[in-house]
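Dear colleague,

I am handing over the structure that we spoke about, and below it you will find what came out of the analysis. Please read the notes with the coordinates open beside them.

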Amino acid sequence: MGVRDKSMKTDRSDILTCLRSSEDYVSGQQLCDRLGVSRTAVWKVIKQLKEEGYRIESVPSRGYRLVESPADAYSESEIASRLRTKWAGQRLIFFESTGSTNPDAKRFAEEGAPRGTTVVADRQTAGRGRRGRSWESPAGRSIYFTIIVRPAFIPDKASMITLVMALSVAEAIHEVTGLPTGIKWPNDIVVNGKKVVGILTEMSMTPEMNEIQFLVAGVGVNVNQESAEEFPEELRGAATSLKIESGRHFDRAALLAEILARFEQDYETFERTLTLSELKERYESRLAGRNAVVRILDPAGEYTGISRGITETGELIVEKETGETVLIYAGEVSVRGLYGYV
Ligand code: ATP
């Protein structure tokens, strides 16, 4: 586990960040000056990085140059060295394995972790979805992370954060992979009709229940599963990975950094307006099943209608066959395509 923030620099992350941000050689002296550490400290970190499989060229009169990261490098330093955010992920806690990153993040938030603190795991042994469902979370393949935010707005607005995150993740994946990502309202991301991302937002309120103490948004992305056989049988019909859909392998650290950069921006936009007014158009352009018939699985009864978009506060707008328009609130409801998942 490693904890990173600006006041408690980890030399490793910072050296990797410096090397990554320079195309050319960086001299040992430059690294010492920039990071305020000794020559020996720099040398030790470089040696350690090399042992881990980083290919770093050292030329006596010029310095060091990062040639290649180890395949599939996924660690606190690797992720930190790719971040270009102000607050999202600037404090990073990395676990090789944990139960689930949401409860971990809640615990850190209770202990006072600042906004943007992000818990990342390579594997979850008890990954969770909405309403007590589980999230399949094998090692070495996927991204699992939870970010803490500390909103000043009232609890009524919290459910919109799920939609903000869905938008950020859908656009980040599209940017990195070129795949057509759709959002299945409110919280799932689909590619070619199958689910690649699940999002679970949870909040903690002040004892008076009128303010949000903190909110955590947890995200699971299926990235490098090679084939459907890697998923448990019951998920094969509805789950897929970025690799299965594109035939390409993706760097998880780079994708996570892209997600965090977009979420930081979208969250700030949301915080300014406290509605989805400035994000709605982009969300709707990715809304799976828009203007098509959807089935609404409401505990009070199932019905069908045409999905027309979302409101500025994040409800799904559905036109029933009777012509009546209803607004659907996330909570207990699931949405399905007429013949399948989307
Ligand atoms: P819906 O609204 O579609 O009913 P949900 O949003 O309630 O679904 P989530 O909480 O997002 O569901 O995710 C949990 C569900 O996702 C599980 O019940 C399972 O069917 C499915 N699932 C679990 N693990 C994965 C995975 N790695 N990839 C894709 N789907 C998964």
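Buried area, as used below, is the accessible area, taken with a 1.4 Å probe, that two parts lose on being put together, summed over both. Please keep in mind throughout that this is a predicted model.

The domain assignment divides the protein chain into domain 1 (2-68), domain 2 (76-285) and domain 3 (293-337). I looked at the pair formed by domain 2 and domain 3, whose C-alpha centres lie 24 Å apart. Between these two domains about 1300 Å² is buried, with carbon and sulfur atoms giving 58% of that area. On the side of domain 2, Arg131, Trp185 and Lys280 together supply 45% of the area buried against domain 3, which is more than any other three residues supply.

In terms of contacts, 14 residues of domain 2 meet 18 residues of domain 3.

Turning to the ligand, 17 residues surround it, and the closest are Arg130, Arg133, Asn222, Ser334 and Arg336. For arginine 130, a backbone N or O atom lies 2.3 Å from an oxygen atom of the ligand, while for arginine 133 a polar side-chain atom lies 2.8 Å from a ligand oxygen atom. Tyrosine 341 also takes part, with an N or O atom of its side chain 3.3 Å from an oxygen atom of the ligand.

Finally, there are two points of backbone geometry. Most residues other than glycine have a negative phi, and most peptide bonds are trans. Against that background, the peptide bond from tryptophan 185 to proline 186 is cis, with omega near -5°, and proline 186 is placed in the loop between strand S6 (181-184) and strand S7 (188-191). Aspartate 72, although not a glycine, has a positive phi of about 65°, and this aspartate lies in the loop that runs between strand S2 (63-68) and helix H4 (76-80).

Definitions and conventions: Residues are numbered from 1 along each chain as its sequence is written. This is a predicted model: local features need pLDDT of at least 70, side-chain atom pairs count only at pLDDT 80 or more; totals for chains, interfaces and linings use all residues. Side-chain values use heavy atoms; hydrogens and water are left out. Domain bounds come from an automatic or database domain assignment. Contact means heavy atoms within 4.5 Å. A residue is near a molecule or strand if one of its heavy atoms lies within 4 Å of it. A polar contact is a pair of N or O atoms within 3.5 Å; within protein, one must be able to donate a hydrogen and the other to accept it, and residues adjacent in sequence count only if both atoms are side-chain atoms. Helices (H or I, at least four residues) and strands (E, at least two) are DSSP runs, numbered from the N terminus.
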